[in-house]
Amino acid sequence: MAPAAALFSIDAQAQRLFPQKVERGSITFTGTHDVVLNDKRERLAPGAIVRTERNTIALTGSLRGKTFTANYLRDPAHLVREVWLLTPAEAERPLRPRLGVTATPDTPADPLIYRN
């Protein structure tokens, strides 16, 4: 008998919720506190949190030289303070749901819930 976790994809296991003010971009980790975000050099805020595709916290040093599609938030000083590395399915979804669009029997509603 297969373990229950093996029967479901990561998308079926847990659906991540992102803050309403989240932004999306391409991020490359170049150092412990340095990244290239959308082709621009940026700094991570002190204590920045990076969550992997499995929603575990990653050490930025282990991501050095790697590029991801990610959602991110900035702090008041405009430094990147929180990063979510996206799965391919998450990256395909729109950043924000379209307002005024209702689901028809042919197009199921997007199950994502956006909250602050």
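This dialogue walks through some features of the predicted model shown above.

Visitor: What should I keep in mind before I read any values?

Guide: This is a predicted model, in which local features need pLDDT of at least 70 and side-chain atom pairs count only at pLDDT 80 or more, while totals for chains, interfaces and linings use all residues. Residues are numbered from 1 along each chain as its sequence is written, and side-chain values use heavy atoms, with hydrogens and water left out.

Visitor: Which strands pair with S6, and in which sense, parallel or antiparallel?

Guide: Helices (H or I, at least four residues) and strands (E, at least two) are DSSP runs, numbered from the N terminus, and two strands pair if DSSP finds at least two bridges between them. Strand S3 (residues 40-51) pairs with S6 in the parallel sense over four bridges, and Val50 stands opposite Val83 in S6. S5 pairs with S6 in the antiparallel sense over five bridges, and Leu73 has Glu82 in S6 as its bridge partner. The hairpin of S5 and S6 has five residues between the strands, and there His78 takes a positive phi near 75 degrees.

Visitor: How many residues of S6 are buried?

Guide: Buried means under 20% relative accessible area, exposed means over 50%, and partly exposed lies in between (1.4 Å probe, protein chains only). Five of the six residues of S6 are buried, so S6 is largely enclosed by the rest of the structure.

Visitor: How many aromatic pairs does the structure hold?

Guide: Rings of Phe, Tyr and Trp (its six-membered ring) pair if their centres lie within 6.5 Å; planes under 30 degrees apart count as stacked, over 60 as edge-to-face and the rest as tilted. The structure holds two such pairs. In one of them, the ring centres of Phe18 and Trp84 are 5.7 Å apart and the planes stand at 80 degrees, so the pair is edge-to-face. Phe18 lies in the loop between helix H1 (10-13) and strand S1 (23-29), and Trp84 lies in strand S6 (residues 80-85), so the pair ties together parts that are 66 residues apart in sequence. Both Phe18 and Trp84 are buried.

Guide: Phe29 and Phe68 also form an edge-to-face pair, with 6.1 Å from centre to centre and 70 degrees between the planes. Since Phe29 lies in strand S1 and Phe68 in strand S5 (residues 67-74), this pair ties together parts that are 39 residues apart in sequence. Phe29 is buried, with a relative accessible area of 0%, and Phe68 is buried with 16%.

Visitor: Which residues have the most contacts inside the largest nonpolar core?

Guide: In soluble globular proteins, nonpolar side chains tend to be buried together. A nonpolar core is a set of buried Ala, Val, Leu, Ile, Met, Phe, Trp, Tyr and Cys residues joined through side-chain atoms within 4.5 Å. Here the largest core has 14 residues, and those with the most contacts inside it are Ile27, Phe29, Val50, Leu63, Val83 and Leu85. At least two residues of this core come from each of S1, strand S2 (34-37), S3, S5 and S6. Apart from it lies another core, of five residues, including Phe18, Leu73, Trp84 and Leu86.

Visitor: How many salt bridges are there?

Guide: A salt bridge is a side-chain nitrogen of Lys or Arg within 4 Å of a carboxyl oxygen of Asp or Glu, and by this rule there are six. In one of them, Glu90 meets Arg16, with the closest N and O atoms 2.6 Å apart. This pair links distant parts of the chain, 74 residues apart, with Glu90 in helix H2 (residues 88-92) and Arg16 in the loop between H1 and S1. Both Glu90 and Arg16 are buried.

Guide: Glu23 and Arg74 form another salt bridge, at 4.0 Å from N to O. Glu23 lies in strand S1 and Arg74 in strand S5, so this pair ties together parts that are 51 residues apart in sequence. Glu23 is partly exposed, with a relative accessible area of 33%, whereas Arg74 counts as buried at 17%. A network of salt bridges links Glu23, Glu42 and Arg74.
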